[in-house]
Amino acid sequence: MCKKWCLAAFIILCVFHANAGDHPLGDSSNNLYIRKLSTSYPARNELFLERLKSIAADKKVLKYYESSYGNIFKGVNEMIGEGLMVYHPVISPLLEKILVRIKDRNSSVPDDVQVLLVRENVPNAYTVGDNTLFVNVGLLYYMKSEDQVAAVLAHEISHLVFFHSIKSLAYNYKKNKENINVVKEIRQSEVNRTDRALETYRKSIYKEGKLERKYELQADSMACVLLKNAGYSNTGLIEALKIIDLNDTIDHGDLAISSYKIFFDLPDQKFNDKWLEMEDFTSYNYEAYKPKFDQDSLSSHPGVDERIRHLTSFFPELSGGKSTSATGAFAVFNSAAENERLTNLYYAERYGEAVYLSLLYLQVKPDDTFYKKWLGISLRKIYDARKTYQLNKYLDRVSPKDQSESYIRFLNFMWNLKPDELKGFVDYYTSLG
């Protein structure tokens, strides 16, 4: 569902290096699940690779498939080993219940499709074509009803029904062969080789983006059929699309200046106004860089308005459909997902964001010991990184074009702190736990 998702980019999700047994609050209940999944998922990989032999008659195509999926599966298995997959006692049963309901009432859905929960805050779900659905924990934080969650799962299941991942690989294989010949021709030419190479590449990725957008519209339409058969509201799909589009880029929220002076004015370390000094970015020229590629043409997903128009053209009843309503039970799932947000950031080693999110929570609940403990844990990681000259790895650099003023102020604050000042905050908040 995520606008930035594509099969080839999947490995980007696998760069985290957290320890699966190193839960910050001492929870080891997920370790058994990780050990089982570390065995069962590779076994599914082998069965899937065997099935590929019946799909690809050409040996060269099969080799390309096996190589591509080998890299993908390696990335997923690393995610499993690093604790980025989780079985949550509240969230996971809901996902499994929805999946079983869709499977039982739709014969086209593969029998062995499974759902895995991913420690990630972005509201997203995806599949790589191996009959596994990956659902980010953050999805249930943003979703408002079970119908909306079912819609997201139905969309990803539809990609499996249409074999979209396999078709994308087949397209890429063919495209790569064609491009090899084009490159040979360009190399033999004597003029405009750079321009011709760029134009060839541009046309190639635009065409790929167009194909992926077509697949998304197909999956949307099939999802409506699957939902209807399963007794879920089709309106949930439109609502889910809007929510995911709205939250595709995480909004960190605004942290008031007064909050800094509340939480960083300590008995043994008084607040220093210099910590909040910010660099002046008013003279930054955002128009200096002119992109060589049209972003809409690069996108693997159509815009949400186009997707809604497409859906309502085939399913007119969606135009005036009633909004799906949340139940009291679903509020429990929302709350469970919210409680995992800081843990997700910890596992992803995004410690700077964890500090910021802890402060946002404390801004609302200033006496909450749970969030104070998280603030201490996250600050400790930042301090350790500072000592080993690895702060860039865990704390964002200021990017005025992409970040809110509030988040930029926070980053300036963190970078302005001297090591001994940072240690003072660490000692104070870790002592509270």
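1. The chain has 18 helices and four strands. Helices (H or I, at least four residues) and strands (E, at least two) are DSSP runs, numbered from the N terminus. The model is predicted: local features need pLDDT of at least 70, side-chain atom pairs count only at pLDDT 80 or more, and totals for chains, interfaces and linings use all residues. Residues are numbered from 1 along each chain as its sequence is written, and side-chain values use heavy atoms, with hydrogens and water left out.

2. Of the 433 residues in the chain, 51% are buried (under 20% relative accessible area, with a 1.4 Å probe and protein chains only). The chain exposes about 21800 Å², and carbon and sulfur atoms supply 52% of that area. Areas come from the Shrake-Rupley method with a 1.4 Å probe.

3. Take contacts (heavy atoms within 4.5 Å) between residues at least 6 apart in sequence. Of these, 75% join residues at least 24 apart.

4. Now helix H14 (residues 351-364) and helix H15 (residues 369-387). Their axes come within 8 Å and cross at roughly 155°. Axes are lines fitted to C-alpha atoms, for helices over the stretch in contact, and angles run from 0 to 180 degrees between N-to-C directions. H14 is therefore roughly antiparallel to H15 (the term covers angles over 145 degrees). The crossing of H14 and H15 is left-handed: the near helix is turned anticlockwise from the far one by less than a right angle.

5. On the H14 side, the contact with H15 includes Tyr 351, Val 355, Leu 359 and Leu 362. Residues from H15 include Trp 374, Leu 375, Leu 379 and Ile 382. By class, this contact has 11 nonpolar, three polar and two charged residues. Ala, Val, Leu, Ile, Met, Phe, Trp, Tyr, Cys and Pro count as nonpolar, Asp, Glu, Lys and Arg as charged, and the others, Gly among them, as polar.

6. H14 also packs with helix H17 (residues 405-416), at an angle of about 115° and with axes 11 Å apart. This crossing is right-handed (clockwise in place of anticlockwise). Gly 352, Glu 353, Val 355, Tyr 356 and Leu 359 of H14 meet Ser 406, Tyr 407, Phe 410 and Met 414 of H17. The class count is six nonpolar, two polar and one charged.

7. Leu 345 sits in helix H13 (residues 341-347). Leu 345 counts as buried because its relative accessibility is 3%. Beyond neighbours within four places in sequence, Leu 345 contacts Asn 121, Arg 350, Glu 353, Ala 354 and Leu 357. The C-alpha atoms of Leu 345 and Val 355 are separated by 9.6 Å.

Methods:
Angles under 35 degrees count as roughly parallel, over 145 as roughly antiparallel, 65 to 115 as roughly perpendicular and the rest as oblique. Buried means under 20% relative accessible area, exposed over 50%, partly exposed in between (1.4 Å probe, protein chains only).
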